Amino acid sequence: MKLPLRIAKALLKLYDGAKLPGGVVKHSVIEDLIQENILFRTGKIRKTVGLTNQKMLDLYLYNRFSIKDLKTYVAALDESETSRASLVDMTGDSKLKSVRTFKGFLVNSFHPVPALLDSEKILLEPREGIFHFIYDFEYFIPAPDVTVVGIENSENFRRLKEQAYLFKDILPLFISRYPQNQSKDFISWMKSIPNDYLHFGDFDMAGISIYLNEYKKHFPEKSRFFIPDDIEDILKNSGSRKRYNAQKINFDVSAIVEDELLKLIDLLHKYKKGLDQEVLIKS
C-alpha cells in the first residue's frame, strides 16, 4: 500500500500547523493516526483534524510507508519525470509511481545514415537482426538529405531490404510506429528537425486516417503519404474488398491538399478495395 498523494498533501499541511475539515481528510490512514494519538479530531458538527506529535508522524510514515521525508515524497509524486533511482532513495520502492524508464523510438535503415548525436557525427549502420533505439532524441539530428519514413506495420519495419526498391530516389531513415507510447517523442522530435517526413502505411481508409490524424496534423508542411507508381495495378490485383467494406472514412477529405493522396482515395472507391502495405515486401 502506498500513501495517496491527496492524503500526503493533507498531512503536509497538518505538519505545518494547519487544521483541516474532517471531510477533507477522510481516509483509513487518518483514522489510524487518530487512534495512535498522532492526529486529533475536534468538534461535534464541524469536525477538524490537527497534528498532535510531529516526530511520531515522521516515525509512522517511515515504518508504514518507508517515507523518509514527507515534503520530498509529495514533490516526487507531483513531478512528472521522477527517476526510479530518486524514488528508491526516498521511499525504498521503485514502483511507487509509474515512470517512463525509456523515452525515444526505434529506427532502422538499409543504407548507412549519417547524423549528429549531441553535436558529434555518427553513422547508423544497418545490421541484420538489430534495430537502433534513439534515446536522447532531443540531440539526434539526421543529415539534411535524409527523409524520415514512418512505417505503420512491424513486418515492413523489420524487412527493409526487401522494400529498398521502393525508395531508390531518397536516403531514408525508417521509424517504427510501434510501440505507440513512443509517438509523442517522435512527434516532438520531428517538429524540431528540418527533415521531410514520408508516411508508409496501409493503402486503405484506416491507413490514411493514421497518417492525417497522428502525423500530418503536427507537421503538415513537410509530410506526404507514400504511394507507389503502380498502386492502381497492385490495388486491382491484390486488394481486399472485405477490407474496404469494413472501414469508414473518419477524416475530412475536403481538407486534403495532396493531389496524389486524393487520387489514391478515388482508386479505393473505384475498386472498392483496400491494401496492406506488406504486399510490397518482395521476398
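Me: Before I read any detail, what is the average pLDDT of the protein chain, and where is confidence lowest and where highest?

Reply: Where pLDDT is low, the predicted coordinates should not be read in detail. In this predicted model, the protein chain averages a pLDDT of 88, and 91% of the residues score at least 70. Confidence is lowest in α5, with a mean of 63, and highest in strand β11 (residues 197-200), at 98.

Me: How should I read the strands, and what is the order of the open sheet of three strands?

Reply: Strands of a sheet pair through backbone hydrogen bonds, in either a parallel or an antiparallel sense. Here the open sheet of three strands has the order β1-β3-β2, and its pairing is antiparallel. The edges are taken by β1 (20-21) and β2 (39-42), each with a single partner strand, so one side of each is left without a neighbour in the sheet. Between β2 and strand β3 (residues 48-51) there are four bridges, and the two run antiparallel.

Me: Which strands form a hairpin, and how many residues lie between them?

Reply: The hairpin consists of β5 and β6, with two residues between them. D118, in the turn, has a positive phi of about 55 degrees. Strand β5 (residues 113-117) and strand β6 (residues 120-124) run antiparallel and are joined by five bridges. L117 stands opposite E120 in β6.

Me: Which strands pair with β4?

Reply: β4 pairs in the antiparallel sense with strand β7 (residues 132-134), over three bridges. β4 also pairs in the antiparallel sense with β10, over two bridges.

Me: What lines the second largest cavity?

Reply: The second largest cavity holds about 30 Å³ of space. It is lined by G150, I151, I175, S176, R177, F186, Y197 and Y215. At least two residues of this lining come from each of β9 (146-151) and β10. Five nonpolar, two polar and one charged residues make up the lining of the second largest cavity.

Me: Turning to the pockets, what is the volume of the largest pocket, and which element gives the most to its lining?

Reply: About 520 Å³ of space lies in the largest pocket. Its lining comprises 23 residues, of which R224, F226, I227, P228 and D229 lie nearest its centre. β12 (223-225), α9 (231-238) and α11 (259-271) each supply at least two residues of the lining, and α11 gives the most, with six residues. By class, the lining of the largest pocket has 13 nonpolar, no polar and 10 charged residues.

Me: Which residues lie nearest the centre of the second largest pocket?

Reply: N108, E128, G129, R158 and L160 lie nearest its centre, within a lining of 14 residues. The second largest pocket has a volume of about 230 Å³. Its lining divides into five nonpolar, three polar and six charged residues.

Me: To finish with a single side chain, where is K103, and what does it touch?

Reply: K103 is in the loop between α5 (84-91) and β4 (105-108). The side chain of K103 reaches the backbone oxygen of Y135 at 3.0 Å. It also makes a polar contact with the side chain of E138, at 3.0 Å. Leaving aside residues up to four places away in sequence, K103 touches F133, I134, Y135, D136, F137, E138, Q182 and D185. Of these residues, Q182 also belongs to the lining of the largest cavity.

How values were computed: Residues numbered from 1 in each chain as written. Predicted model: local features only at pLDDT ≥ 70, side-chain atom pairs only at ≥ 80, totals over all residues. Heavy atoms only, no water. Polar contact = N/O pair within 3.5 Å; in protein donor to acceptor, adjacent residues only side chain to side chain. Contact = heavy atoms within 4.5 Å. pLDDT = per-residue confidence, 0-100. 1 Å grid on protein atoms, 1.4 Å probe; cavity = no way out; pocket = protein on both sides within 12 Å on 5 of 7 lines; lining within 4 Å. Points joined across faces, edges and corners; volume = space filled by probe spheres on them. Nonpolar A, V, L, I, M, F, W, Y, C, P; charged D, E, K, R; others polar. Pairing = 2+ DSSP bridges.
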